[in-house]
Amino acid sequence: MIEIINWEVIKTRIKNTEWAGKFIEVTKERLDGFIESYHDESSRITGWFHHYNCEKCQGRLTFNIENSEEHVCSVCGQVNKSETFTKVWYNMYRGRANTSVYESGIMYRLTGEEKYIKHMKRVLSFYSDNYDDFVSEPIAKRFEGKLQNQHLDDASAVIAMIQGIDMARERFSDEELKYYYEKLFKKEAEMFDFFANRIYNIPVWIKCAQAMVGVFFNEEEHIQKGFYSIYGILDQLKKGVTDEGMWYEGSMHYHYYTVHPIAMLMFICRRVEFNIPEMQYIYDKIEKMFEYPLKMMFSNKRLPNPHDGHPYIDIFNYRTHYEYASIIYDNPLFKKVCSMFWDGEVKPSFARLLFNTWENEAYDVEFGTVNNPSSGTAMLRDKRTELFFRYSTLTHLHRHPDEMSFELAFDGDVVSYDIGNGGYASSLFVEWQRKTLCHNTVVIDESDHMRMSLPFGKAEEFNIEDSYIKVKTKALYEATDFTRAFKVAENKVEDEFLVHSWDTHLVDWFFYCEGELTCKNETEEIETLAPEYLKNGSPDPHGRKAPRQAGYQHLLDVKKFETDDDWTANFELPDKIIRVTMKGEPGTTVHLVNSYTANKEKTRHGLMVRRRADKTLFATTYECIYK
Ligand SMILES: [Zn+2]
Ligand SMILES: [Zn+2]
């Protein structure tokens, strides 16, 4: 067992540093309050986290630990009440209890107070004594958990509790640990083993939790199954991580989500000096996974948001990951990243207190223009003009069918971005956020990119010096290829999107941007772009476009004009204008639209350019004009 954390140094830090002292004071007060009022019953049924959305506006509800009956919307303020919400509340309460075990371990080390050990044992015994009685209500049996709603929740519970015990290990007798292992952790590990059934973020979590049980309690069976089985950790890393270190689901959120439990496991492995021959391989892979998002980050520290993910994500969402990385690796890059978390108002945390001693480093890293052929992503940069481009999809899991789409930033302001999603239970998720048409790409015949296959794009040209890339992706629809080229210069981006079909189709090109949309051409208002079958509710003859999923009904305030000539539209922001200019082509109809984002409260404007063609080129420039 090696000491990674020097507790005397931490204590001095708390004493001498204002934020650290304040953080411990506030955390202690909150934790002490929780410990005092801690009450749980094994008969409480735990509900699904993603049901916690407002009935009125779909906004996220706020978890108030003191009220299991009333659930207040964080967007519109509506008070929601129902059994469903209370069950979700039970689930979150239990999550809080699991974290309290972790926090108690730390607080015991800092204060030596007995109540923390007592609380840890109370929670662990409650779970161990009642294990067989716990009931959850998952949205499908295959997600079922035991202590919490999903086995995924249980994995994070197990990880937090083991981390907590680890902090105060000498206060647990061998008999106690054996009891918790037999009655709780072993049963959890067996459940995890059963449910790990593909290359995916959730199996990574549960396999890491299983491996952590094995490593921490020194149980060979769960070490073997955790690391070596099919869908075990080694299998996941081998099949799920690209050459450039991207988690193959493509979403930044799920990328970090996958890294998270592995970092926690590696920490425990180091603590107990656990080793297997493949350990170096694991360390190397994870190091690359930490590096990948940094290469793709916008200069304002926001991250591109392809596929499923929270509506807005930046590097600060993942500070804990890098704080762990900075002590697991002797890699200057991660220390530099950690120095960013000292700037501005960043929430203090245990990881910051325990691991982040890098306040004197500076983040001065520039990656320039990057292409990642095996991940199907690129970042083109010229100073603070940045364009994120994605052109391949490696799995259907958490996929948005938005091949060849891009995000755009001028002067570090990401003005055109992927909206991610606003929660899986929201109706906008299926009808809008997970549709092709809410992305900066092309839709054929008003239906999403084909889901039968996984499109893989190839860069035909790539030139770092000119920040230029040209990529071709085949068969996004049957007998249809897309080729898109971007050239990024300071405050100006050129975009050539060639659609090539064997037959004639309806081709819709989309671009969304922040700001008020104006245009010199005379426009005509139209009621809706929703296709006929949507208006009269009759089902789609091909079955591919179920009315609920069509998406075009969510293009709002539609105005259009027809032109064969070059045309221009402006997106006006407080400090700048984003000017879109497109080369004329006969038979072009330009639509000015408004649309939803991750919720219905915030809307944004966009352009839809429609042509009927077999082969057509959308040649566009985006310019930034400062006011
Ligand atoms: Zn609401
Ligand atoms: Zn998306």
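The centres of domain 1 and domain 2, taken over C-alpha atoms, are separated by 31 Å. Domain 1 covers 241-367 and domain 2 covers 370-626, with bounds that come from an automatic or database domain assignment. This is a predicted model, in which local features need pLDDT of at least 70 and side-chain atom pairs count only at pLDDT 80 or more, while totals for chains, interfaces and linings use all residues. Residues are numbered from 1 along each chain as its sequence is written, and chains are lettered from A and ligands numbered from 1 in the order in which they are written.

How many residues of domain 1 are in contact with domain 2? There are 24, and they meet 30 residues of domain 2; contact requires C-beta atoms, placed from the backbone, within 7 Å. By class, the side of domain 1 that touches domain 2 has 9 nonpolar, 9 polar and 6 charged residues. Here Ala, Val, Leu, Ile, Met, Phe, Trp, Tyr, Cys and Pro count as nonpolar, Asp, Glu, Lys and Arg as charged, and the others, Gly among them, as polar.

Leaving aside neighbours within four places in sequence, I206 is in contact with H151, L152, A155, F192, F195 and A196.

Helices (H or I, at least four residues) and strands (E, at least two) are DSSP runs, numbered from the N terminus. Why is Y324 classed as buried? Because 24 other C-beta atoms lie within 10 Å. Beyond its neighbours within four places in sequence, Y324 is in contact with A263, F267, A351 and F355.

Next, an open sheet: 5 strands in the order β4-β5-β6-β7-β8, with antiparallel pairing. Two strands pair if DSSP finds at least two bridges between them. The edges are β4 (370-372) and β8 (413-416), each with a single partner strand, so one side of each is left without a neighbour in the sheet. Strand β5 (residues 377-382) is joined to β6 (residues 385-390) by 6 bridges, and T377 stands opposite R390 in β6.

Strand β16 (residues 556-563) contains D557. β16 pairs in the antiparallel sense with β15 (residues 524-525) over 2 bridges, with E525 opposite K559. With β19 (residues 588-596), β16 pairs in the antiparallel sense over 6 bridges, and L556 stands opposite N594.

Finally, two backbone points. Most residues other than glycine have a negative phi. D557, however, has a positive phi of about 45°; this residue counts as partly exposed, because it has 13 C-beta neighbours inside 10 Å. Phi of K301 is near 80°, also a positive value. K301 lies in the loop between α11 (279-296) and α12, and with 15 C-beta neighbours inside 10 Å it counts as partly exposed.

Conventions: A residue is buried if 20 or more other C-beta atoms lie within 10 Å of its own, exposed if 12 or fewer, and partly exposed in between; C-beta atoms are placed from the backbone. Two residues are in contact if their C-beta atoms, placed from the backbone, lie within 7 Å.
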